[in-house]
Amino acid sequence: MTDKRQIKLSAYLVGTGMHTASWRLPQAQANSSIDIDYYKKLAQTAERGKFDIAFLADSLAINEVSHPNILNRFEPITLIAALAGATSKIGLVATASTSYIEPFNLARLLMSVDHISKGRAGWNIVTTRDLSGNTARNFSAEEHLEHSHRYKRASEFLEVVQGLWDSWEDDAFAYDKEKGEFFDTAKLHRLNHKGEFFSVEGPLNIARSPQGHPVLVQAGTSDAGQSFSLQLAEVIFSIKHHLEDAQEFYRSYKSQLAQHGRDPEKVFILQGISPIIGKTEEEAEQKRRQLESLITEEAGLRFLSDYFPNIDFSGYTLAAKAHELGLHTVQLSKSDFKKHQPIIARDNPTLRELYSLLTGAFSSNDLVGTPEKIADTLEQWFQEEAADGFMLMAPSLPDGLEDFVNLVVPILQARGLVRTEYEGNTLREHLGLSIPASRYTEAFSSTL
C-alpha cells in the first residue's frame, strides 16, 4: 500500500476496439462483441494490468451507420455479472440510462451485480443521447426527451435509486435461528417517495453490498451534464486531445467541486485515450495507417452525411479537408460536436481523420509511438494535473489492451505511478473511496 498519488486506469471494452474499422483487421475476431469468452479474456487482461475498472458502454437504439461493434452486442449489466465470475479484483462498470427504465428495476439490477461481484460494481449514469434518431420509438414514444428535461428526470431518478439502496441498514439481517429473527424490523426502511416523475414506496428487496452501493460514474460534457455530475459523481470521464484543454477542464471542475462542498480529491477525472503502441515510432505509425486505410469511402461518407445532415458531401473523398466543407463553422446542437469543433478548427483534419475523431478512435500524435513515449505522455498529463487517470479506449482489441498492459503498465509501475498489487477487494477500496453512509444513520446526516 502506498500514500503516493497514483494513476487510475479504466479499460473501455468494446468488441474489436474503438476504431470503426477495427473488425476488418486480419487478426480481428469480427463477432467478438457477442463472445463471452472473448470478453472474459479482456477483463482478465485488464485485471492483470491492475486496472481499477473494466468499463462497458451502451446504447438503446441503432441504425445503418452505427459503429459495427454496437450493432450486435451484450446488454452491459448482464455482461458485468458474467465478468464478475471470471475476475476477482477489477471493478466492473456498466452504463445504464435514467430515461428509459424505472428506478426500482435499475436499483435492483445494479445492487444484485454489486453483491455478485462482492462489491466491485459501478454505474455509468447516462440520460441517453439520441444518436440514431429512433431511440424514443423503441420505447413506445415518438419524441426523445429534451436535454434539460432528461437531466431533471435523472436527478430525481438517482435520488430514488440511492434511497432504495438504503432500504436496509448494514446490520439489519440478524439471521438469529434461536430467536427466530431473520431481520430487525426497526432497520428496514420504506422510501415512500412521491415526486414529479416517480412514485416509489420501497423497500428494495436486496440489502446494501460490501461497498455500500455501486460507485457512481458520469460522462456528461454539457453544462447540464456537468452540473449533474458535480452533485454526485465519484468518477467522471472526459476526452480532451490537448494538454492545455485537459488542464483547464481539470482546474475548473475541481474548483467547482469544492464550491459544491465536495472533496476534489475524492472525485477522479479520467481522460479518454486511444494510444497506438509500437516497438518503434514507424511500427506505431504503420498500425495507424493500416486502421485508417480500412475505412471505406462509402462507410465514411455515409456516416458524415448522417452526422452533418445539411452538408453536401457529394463529389468529395475522405482525403478532403474539413475546412473545405466549412465544418469548422457548422452550428450543431450535438454536445459531442461542440467538444470536437475546436479541434476541427485548429487541426483541419481530413474527412477520414474526422470520421475517426467523431467515432471515438482518434489518436493524437503524442499517443502514437513507443511504450516509453506513451508512458511519458501519461505521466506528464497526470503530474501536471490534466487527469487523475485514464480511460483506455484502444483503437483495436485485444492487441491494444495487451500492448498497454504488457509494455506501458510496467514502465508506469517502475515509476511508482501504477499499483503493482490491488490494495483491497472492492472498487471503492481500489479508488480510495469510503463506504457511503446509509441515510438512516447519524454518519449520513453529518455529510449533508
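Which residue follows helix 11, and is its phi positive or negative? Helix 11 is followed by E385, with a positive phi near 55°. The model is predicted: local features need pLDDT of at least 70 and side-chain atom pairs pLDDT 80 or more, while totals for chains, interfaces and linings use all residues. Residues are numbered from 1 along each chain as its sequence is written, and side-chain values use heavy atoms, without hydrogens or water.

**Helix 11**

Helices (H or I, at least four residues) and strands (E, at least two) are DSSP runs, numbered from the N terminus.

Buried in helix 11 are P371, I374, A375, T377, L378, W381 and F382; buried means under 20% relative accessible area (1.4 Å probe, protein chains only). They sit on the same side of helix 11, because they cover an arc of only 160° around the axis; the arc is that of the directions from the axis to the C-beta atoms. Their cover includes helix 6 (243-259), strand 9 (268-273) and helix 12 (399-414).

**Whole chain**

The protein chain has 14 helices and 12 strands.

| Property of the protein chain | Value |
|---|---|
| Buried share of the 448 residues | 54% |

Note on methods. Buried means under 20% relative accessible area, exposed over 50%, partly exposed in between (1.4 Å probe, protein chains only). Contact means heavy atoms within 4.5 Å.
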